[in-house]
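Please keep the sequence and the model in view while reading.

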Amino acid sequence: MDFSSKLLENAVNEVSRLPGIGKRTALRLVLHLLKEPKETTKYLTEALTTLRNDVKSCRKCHNISDTVLCDICANPNRNTEIVCVVEDIRDVMAIENTAQFKGVYHVLGGKISPIEGIGPQNLQIESLVDKVSGGEVKELIFALSSTMEGDTTNFYIYKQVEKYHIITSTIARGISVGDELQFADEVTLGRSIINRIPFEQSIKG
């Protein structure tokens with residue numbers, strides 16, 4: 001792809017580094033920004049800079065937050081004895097949109113994937129086990145995507161908390177095998193949370 005401007009080429013190269021954005025899409029986005037008033041680009045860059053500088057990780061669940069505690073963990077009406085284990089913030093948003101879950105979350109920050117070099121030590125698993133060992137958790141709901149990596153992560157955490165004799169469950173398989181949680185429709189995902197099954201039953205199947 002030939003560029004008439006090095007500045008344009010640099011901008012396109014940076015935008016194309018985003019997930020799912022190829023060079024042609026990046027070029028279209030950059031050209032769109034060039035057509036917009038300068039204030040539009042200024043607001044975008046300021047929002048991204050502020051996000052990078054000021055965003056926090058909730059000290060309890062590791063969700064993205066503006067404050068030390070996210071709104072969910074700070075809500076006294078949430079049931080802190082039931083913890084839904086998810087991969088990232090997109091899964092929290094997907095489950096919250098169902099309005100079917102009244103517990104709290106624990107965001108792992110990914111899934112165990114040896115191929116990608118991601119092991120248990122790279123995820124927020126130790127802090128989850130600490131919660132369970134402290135006696136504040138009565139049930140863990142595994143809500144990771146039904147992929148090999150998701151199932152591996154579920155099983156690893158299950159073995160870590162098994163000795164504490166808490167309830168472990170997994171969302172019902174209304175979510176197709178191999179599907180990412182964030183792409184499930186709200187009705188299906190909501191029913192999967194409500195109709196969760198014991199984790200032991202899922203691994204026997």
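Lys 159 is partly exposed, with a relative accessible area of 42%; here buried means under 20% relative accessible area, exposed over 50%, and partly exposed in between (1.4 Å probe, protein chains only). Its salt-bridge partner is Glu 162, the closest N and O atoms being 3.0 Å apart, where a salt bridge is a side-chain nitrogen of Lys or Arg within 4 Å of a carboxyl oxygen of Asp or Glu. Glu 162 is likewise partly exposed, at a relative accessible area of 35%. The model is predicted, so that local features need pLDDT of at least 70 and side-chain atom pairs count only at pLDDT 80 or more, while totals for chains, interfaces and linings use all residues. Residues are numbered from 1 along each chain as its sequence is written, and side-chain values use heavy atoms, with hydrogens and water left out.

The whole structure contains six salt bridges. In one of them, Arg 78 pairs with Glu 96 at 2.8 Å between the closest N and O atoms. This pair links distant parts of the chain, 18 residues apart: Arg 78 lies in the loop between helix H4 (71-74) and E3, and Glu 96 in helix H5 (residues 89-96). Helices (H or I, at least four residues) and strands (E, at least two) are DSSP runs, numbered from the N terminus. Arg 78 is buried, with a relative accessible area of 13%, whereas Glu 96 is partly exposed at 27%.

A further salt bridge joins Glu 87 to Lys 111, with the closest N and O atoms 3.5 Å apart. Glu 87 lies in the loop between E3 and H5 and Lys 111 in the loop between E4 and helix H6 (126-133), so the pair ties together parts that are 24 residues apart in sequence. Both Glu 87 and Lys 111 are buried.

Helix H7 (residues 148-161) has 14 residues and reaches 20 Å from its first C-alpha to its last, close to the expected 20 Å (1.5 Å times one less than the number of residues). Its buried residues are Gly 150, Thr 153, Asn 154, Ile 157, Tyr 158 and Val 161. Seen down the axis of H7, these fall within an arc of 135°, so they line one face of the helix; the arc is that of the directions from the helix axis to the C-beta atoms.
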